[in-house]
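Opening the notebook on this one. I want to go through the confidence, then each chain, then the place where the chains touch.

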Amino acid sequence: MAKQEEDRILRRWTPILLRSILVTAMVVLAAGLVMTYTFAPRYYVERYQAVQHGQMIGKEKFGLLLDRIRQGNPHAVLTVGLFILTLVPLARVAFCFILFIRERDYTYVVLTAYVLAGLIVGALAGAAG
Amino acid sequence: MLEILIDLLALAVGAGFVGALSGLGGGVFIVPALVIFAHMPMKVAVGASLISVVATSAGASVAFVRDGWTNLKVAMVLECATVTGAVIGAYLAGVVPNVVLELLFAAMMLQSAYFTVTKRGDDILTKGDPLAERLELAGEVPDLSGNLVHYEVVKVPQGGALMVVAGLMSGMLGIGSGALKVMAMDYIMHLPLKVSSATSNFMIGVTAGAGALVFLARGDVATTIAAPVAIGVTAGALIGSRVLPRVRVESLRAAFVIILLLIAAEMGWRALSRI
């Protein structure tokens with residue numbers, strides 16, 4: 001496929017991808033805040049004051065997070081919203097990576113693979129450290 | 001709770017609005033706003049800011065990519081450098097004392113103020129260097145009369161080196177480092193200014209995303225702060241981008257510089273008073 005076609009696909013689908021994930025994340029975050037205000041306002045104030053003193057909750061296990069969402073825990077809904085937001089760059093780079101493989105544009109396959117690996121290694125290093 | 005939420009949303013909307021009008025992004029303003037007005041520790045502000053920067057970059061990039069202002073290939077090449085810097089920077093933010101982060105933030109504010117004052121016009125090249133040609137980085141941009149003007153790109157390694165620094169600062173300080181990125185593309189690689197700004201905006205999402213993933217995975221993002229801040233900064237940036245075409249940004253430039261200098265002074269003073 002020609003370079004122009006590659007560019008056309010990127011310019012058409014990248015904005016759709018960015019906007020879809022962004023809107024989804026914002027809806028989940030807004031829902032999480034409404035749930036917090038409705039069901040756990042005191043917990044929110046306590047957490048806010050604890051954070052002001054540098055007391056963080058720390059790492060949250062993904063399995064536990066899913067359980068808490070099933071229980072309708074507002075804090076878990078907010079956490080998921082933030083995770084969805086961080087999917088924006090990952091999804092965008094992954095989309096480019098797949099497109100360049102399809103186009104056999106190997107220079108850019110290597111470059112996007114490096115960026116993708118950097119994002120994943122960063123997350124794994126954060127989880128480990 | 002409602003009072004806290006309204007305060008956070010107001011700070012975030014204001015930061016996103018001024019960030020969009022100044023072209024420096026919301027991160028530059030939300031970090032000091034959270035530290036100074038909400039009394040948050042620097043690392044909490046950085047974590048919340050990184051998340052919000054991902055959101056504003058995605059929102060602002062949509063139109064720039066669709067309308068052809070963003071040079072996608074330049075972005076993909078330089079993202080290799082910014083992601084490397086951002087992951088290292090986000091790691092360092094976990095071990096470097098808050099005082100050092102605040103001093104670095106003050107220094108970055110001075111750089112942003114300098115950039116705002118010295119923004120220069122386009123210097124379009126018709127011949128690129130071999131590496132840029134091999135990577136097919138050249139592009140086209142419409143001039144004032146709507147005709148497409150071809151531009152070439154040079155000095156990719158030098159631009160990339162500055163991008164590592166931009167990524168490092170982004171991961172450590174929770175900002176998009178847009179001023180450094182635009183400087184690298186405009187001053188060193190000779191991309192047209194509007195292409196540099198649009199491409200920088202597009203890249204900021206990946207740079208901040210790399211840092212945000214490290215912070216989130218490490219458990220260093222305060223959900224109660226980051227969630228309203230992300231919504232507020234995105235809303236503020238959206239309002240700012242709508243207002244932008246109707247205001248004379250040139251006349252606001254002095255105000256932006258004064259705000260940046262005040263932030264630099266306040267953050268620098270806070271850090272130095274604790275040494």
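What is the mean pLDDT of chain B, and what share of its residues reach 70 or more? I looked this up before anything else, since this is a predicted model. The mean comes out at 86, and 98% of the residues of chain B reach 70 or more.

For the model, I noted an ipTM of 0.87 and a pTM of 0.86.

**Entry: chain A**

I went through the elements of chain A and found five helices and zero strands. Read from the N terminus, the order is α-α-α-α-α. The radius of gyration of chain A is 19 Å, while the globule rule gives 14 Å for 129 residues, so chain A is more spread out than a compact globule. I also took down the box that its C-alpha atoms fill along the principal axes, and for chain A that is roughly 60 × 30 × 25 Å.

**Entry: chain B**

Here I got eleven helices and two strands. From the N terminus, chain B runs α-α-α-α-α-α-β-β-α-α-α-α-α. Its radius of gyration is 18 Å, close to the 19 Å from the globule rule for 275 residues, so chain B is as compact as a globular protein of that length. The C-alpha atoms of chain B fill a box of roughly 55 × 40 × 30 Å along the principal axes.

**Entry: where the chains meet**

**Entry: α4(A) on α3(B)**

I then followed helix α4 (residues 74-103) of chain A. Its axis and that of α3(B) come within 9 Å and cross at roughly 50 degrees. That angle is why I call α4(A) oblique to α3(B). The crossing of α4(A) past α3(B) is left-handed. From α4(A), A:L82, A:L85, A:T86, A:V88 and A:P89 take part, and they meet B:I51, B:V54, B:A55 and B:A58 of α3(B).

**Entry: α4(A) on α9(B)**

At what angle do α4(A) and α9(B) pack? I read about 135 degrees, with the axes of α4(A) and α9(B) 9 Å apart. These two helices, α4(A) and α9(B), are therefore oblique to each other. I noted a left-handed crossing for α4(A) and α9(B). On the α4(A) side I listed A:L82, A:F83, A:T86, A:V88, A:P89, A:L90 and A:V93. They meet B:G205, B:V206, B:G209, B:A212, B:L213 and B:L216 in α9(B). The contact of α4(A) with α9(B) has ten nonpolar residues, three polar and no charged.

Methods. Residues are numbered from 1 along each chain as its sequence is written. Chains are lettered from A and ligands numbered from 1 in the order in which they are written. This is a predicted model: local features need pLDDT of at least 70, side-chain atom pairs count only at pLDDT 80 or more; totals for chains, interfaces and linings use all residues. Axes are lines fitted to C-alpha atoms, for helices over the stretch in contact, and angles run from 0 to 180 degrees between N-to-C directions. Helices (H or I, at least four residues) and strands (E, at least two) are DSSP runs, numbered from the N terminus. Angles under 35 degrees count as roughly parallel, over 145 as roughly antiparallel, 65 to 115 as roughly perpendicular and the rest as oblique. A crossing is left-handed if the near helix is turned anticlockwise from the far one by less than a right angle, and right-handed if clockwise. Two residues are in contact if their C-beta atoms, placed from the backbone, lie within 7 Å. pLDDT is the predictor's confidence in each residue, from 0 to 100. The radius of gyration is taken over C-alpha atoms; the globule rule is 2.2 Å times the number of residues to the power 0.38. Ala, Val, Leu, Ile, Met, Phe, Trp, Tyr, Cys and Pro count as nonpolar, Asp, Glu, Lys and Arg as charged, and the others, Gly among them, as polar.
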